[in-house]
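This briefing concerns a single protein chain and is arranged by topic. Please keep the sequence and the model in view while reading.

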Amino acid sequence: MVKVMTACVAGRPRPAYVEAMRRSIDELRTFYGEPAGALVRRLLARRLDDAWGEAVGSDVLGVGYATPWLDAFVGARRVVAAMPGGQGVEQWPVVGRNRTLLVDDRRLPFAAGAFDRILLVHALEEADDPQALLTEAVRALAPAGRIILAAAARGGLWARVEATPFGHGRPFTRRQLEQLVRAVGLEPTAWTQTLYTPPWAPLLPLSDGIEQVGKHVLPGAAGLILLEASRHAYARIRPQGHAQRVPVMAPALAPRPATQTASGDGDALDTASEHP
């Protein structure tokens, strides 16, 4: 169903925005209650823990359908989940004060600079205008804030299976995500990918081994790509007008070269570069 909001101009209604078709909240909840969804939750949670840990003392915003991972940020000062109107909203957490709200993802109802960490999951792929969505997220990002985009990988099998949420909308490559964040004034700082296990039930129990082998043998087969980005401040010297790029802060994330292997099956995000 396409949701249309109207505004009145000279006595005649006109579309204010048209929200693209998204997977419904019921479909997403059902998927993440199944074995394939449980695998996605586990693998993505490991990457987020590598990057942000418990987000101690931070204000955290999840955009799209991020609630399966927001509980991990137990050290955060505040955690909020913003769910797009075309998707629907669920109460979260189950116990305690509700911290979710339904939003127009091109007009987020938050003050500028309100969040230190912003996580987008199931947000970009089915957005009517991904750059407009990300522009709003950046507006809500604190000057020293960090943002992670988690999106279906274009080369992965998950983007080709409509039985999963990753098989709908537009998948992305790493380069496309880098171009997207640069277009809204951010700079890529780190990246990683996961979900090499094909979305086939007989292979899910073998996921630990497949993930280890896949990242070395078939890196292009990952189903999920994560890109972290942050702001940069520019100090201008007058009157010549030359500019020097100065990072707002050194990231807490400690990137490692792509050729170095971490122990276990959870990788830290690698340093972002110009070449995928």
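Which residues does T197 touch, not counting residues up to four places away in sequence? They are L39, W158, L203, L204, S207, I210 and E211, where contact means heavy atoms within 4.5 Å. This is a predicted model, in which local features need pLDDT of at least 70 and side-chain atom pairs count only at pLDDT 80 or more, while totals for chains, interfaces and linings use all residues. Residues are numbered from 1 along each chain as its sequence is written, and side-chain values use heavy atoms, with hydrogens and water left out.

- T197 is found in the loop between β8 (187–194) and α6 (207–217); helices (H or I, at least four residues) and strands (E, at least two) are DSSP runs numbered from the N terminus.
- T197 counts as buried because its relative accessibility is 0% (buried means under 20% relative accessible area, exposed over 50%, partly exposed in between, with a 1.4 Å probe and protein chains only).
- A polar contact of 2.9 Å joins the side chains of T197 and E211 (a pair of N or O atoms within 3.5 Å; within protein, one must be able to donate a hydrogen and the other to accept it, and residues adjacent in sequence count only if both atoms are side-chain atoms).

**Nonpolar cores**
- The largest nonpolar core has 37 residues, and those with the most contacts inside it are V40, W69, L70, L119, W158, F166 and L195 (a core is a set of buried Ala, Val, Leu, Ile, Met, Phe, Trp, Tyr and Cys residues joined through side-chain atoms within 4.5 Å).
- Its largest share, 8 residues, comes from α2.
- Leaving aside neighbours within four places in sequence, L70 is in contact with V60, G62, V79, V80, A81 and W92.

**Backbone features**
- Most residues other than glycine have a negative phi, and most peptide bonds are trans.
- The peptide bond from W92 to P93 is cis, with omega near -5°, and P93 lies in the loop between β4 and β5 (100–103).
- A55, in the loop between α2 and β3 (59–64), has a positive phi near 55° and is buried, with a relative accessible area of 3%.
- H122, in the loop between β6 and α4 (130–139), has a positive phi near 50° and is buried, with a relative accessible area of 8%.
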